[in-house]
Amino acid sequence: MDTEARSTQDFSDEEVEILKEIMNIAFGQSASDLAEVIDTHVVLAVPFIKIMQVPELPVYIKEHVKKFKQISIVEQKFWGKFKGDALLIFSSGSGKALINMLQSDDRRGMDTGPVDILERETLMEVGNILIGACVGKLAELLHDIVTYTPPLVLVEKEYEEAITSGHYDPEKTAIVLKTDFLFERGNVSGFLFLVTSNESIKWLRDALKIFIEQYE
Amino acid sequence: MIKKILIVDDSPIARKMLKSCLPKDQGYEFHEAVDGKEGCEKYTRIRPDITFMDLTMPVMTGYEAIEEIVKNDINALIIVVTADVQMKAIKRVLDLGAYMVLKKPLKREEIQSALLKAQDTLQKAE
């Protein structure tokens, strides 16, 4: 185990708690941004943080999504001093439910093009709002600026097929920030995973210290 | 006069952040609870002048705790401190009887102005 990986696992309880609180604030912001677009309340859960070696990651994610028959994924990479991957995983049927929620009443039932394209675009748009607002707020709280790759979307795949082991660099350590969400209307639920590698660790630790110093 | 303050939040960091924003020279007596259930129990036992309440908590949410507290004490002054700033969440807690809602992360000026307002409300009630 290299020095950086070891230091990751040595995150103190206080650092983990600060990160959880910041994630809580950031996802609260993104839920609020989304609620302005879709007329629903997003029910939030207490965020969870786990530090693990990257090869453990697909198994961990699969364990959380296996209750869904199929899943849709929106993935965006982000980079600044804080960098990593955001994976937004939706339960089966979420794309179609979101189409209904986003279409205004006067457009409902009108031909708006092939459903699979519309579903992909809807998931991309919702994913972009949730990920952008959450990662953006997180970066703002830690005095960073991040940029994003365009979102990648996988629609209605078996979870075994969608989450593959070859996806991440096995040499890295991942900090997984997980938040569950449930839309009160429309039967949409899922998880947001932020996976950041050990390259961001030193910066992250310093940024957490600066954040909490405001409240000392 | 505000004397007893109850802070209900599952996050020790959030409780610490909140306490740090409160004036140090007022001789407040602080009590803390880690979820809504413990918050209700401590409320009944302590009868705080003000309760700061998070919403997203394990065991019992802030929504449930507000409902329970207000059911037993219609004059409870509950200030919701939350990251969930969706309009529906704010409306729901105000409908349940919360006194006001503050958004995380907290700012000292907002907390102090909320305390002044609560102080005023308490004095009018006396």
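## Strand pairing in chain B

In this predicted model, strand β1 (residues 4–8) of chain B runs parallel to strand β3 (residues 50–53) of chain B, and four bridges join the two. Within this part of the chain, B:Ile5 has B:Ile50 of β3(B) as its bridge partner.

The β1–β3 pair belongs to an open sheet of five strands in chain B, ordered β2-β1-β3-β4-β5, with parallel pairing. The edges are taken by β2 (29–33) and β5 (100–103) of chain B; each has a single partner strand, so one side of each is left without a neighbour in the sheet. On average, and with direction ignored, neighbouring strands of this sheet are turned by 20 degrees against each other.

## Interface between chains A and B

Chain B and chain A each bring 24 residues to their contact. About 2000 Å² is buried between chain B and chain A, and carbon and sulfur atoms give 59% of that area. On the chain B side, B:Ile13, B:Met17 and B:Gln86 supply 28% of the area that chain B buries against chain A, more than any other three residues.

Helix α2 (residues 13–37) of chain A packs on helix α1 (residues 12–21) of chain B at an angle of about 80 degrees, and their axes are 8 Å apart. Because angles of 65 to 115 degrees count as roughly perpendicular, α2(A) is roughly perpendicular to α1(B).

From α2(A), the residues making this contact are A:Glu14, A:Glu17, A:Ile18 and A:Glu21; from α1(B), they are B:Pro12, B:Ile13, B:Ala14, B:Lys16 and B:Met17. Sorted by class, the contact of α2(A) with α1(B) has five nonpolar and four charged residues, and no polar ones.

## Salt bridges

Over all chains, the structure holds 25 salt bridges. Four salt bridges are found across the interface of chain B and chain A.

One salt bridge links the side chains of A:Glu21 and B:Lys104, at 2.9 Å from N to O. This pair crosses between chains: A:Glu21 lies in helix α2 of chain A, and B:Lys104 lies in the loop between β5 and α5 (108–125) of chain B. Another salt bridge is formed by B:Lys88 with A:Asp39, where the closest N and O atoms are 3.1 Å apart.

Conventions:
Residues numbered from 1 in each chain as written. Chains lettered and ligands numbered in written order. Predicted model: local features only at pLDDT ≥ 70, side-chain atom pairs only at ≥ 80, totals over all residues. Heavy atoms only, no water. Pairing = 2+ DSSP bridges. Axes fitted to C-alpha atoms, helices over the stretch in contact; angles between N-to-C directions. Parallel < 35°, antiparallel > 145°, perpendicular 65-115°, else oblique. Contact = heavy atoms within 4.5 Å. Nonpolar A, V, L, I, M, F, W, Y, C, P; charged D, E, K, R; others polar. Buried area = accessible area lost by both parts, 1.4 Å probe.
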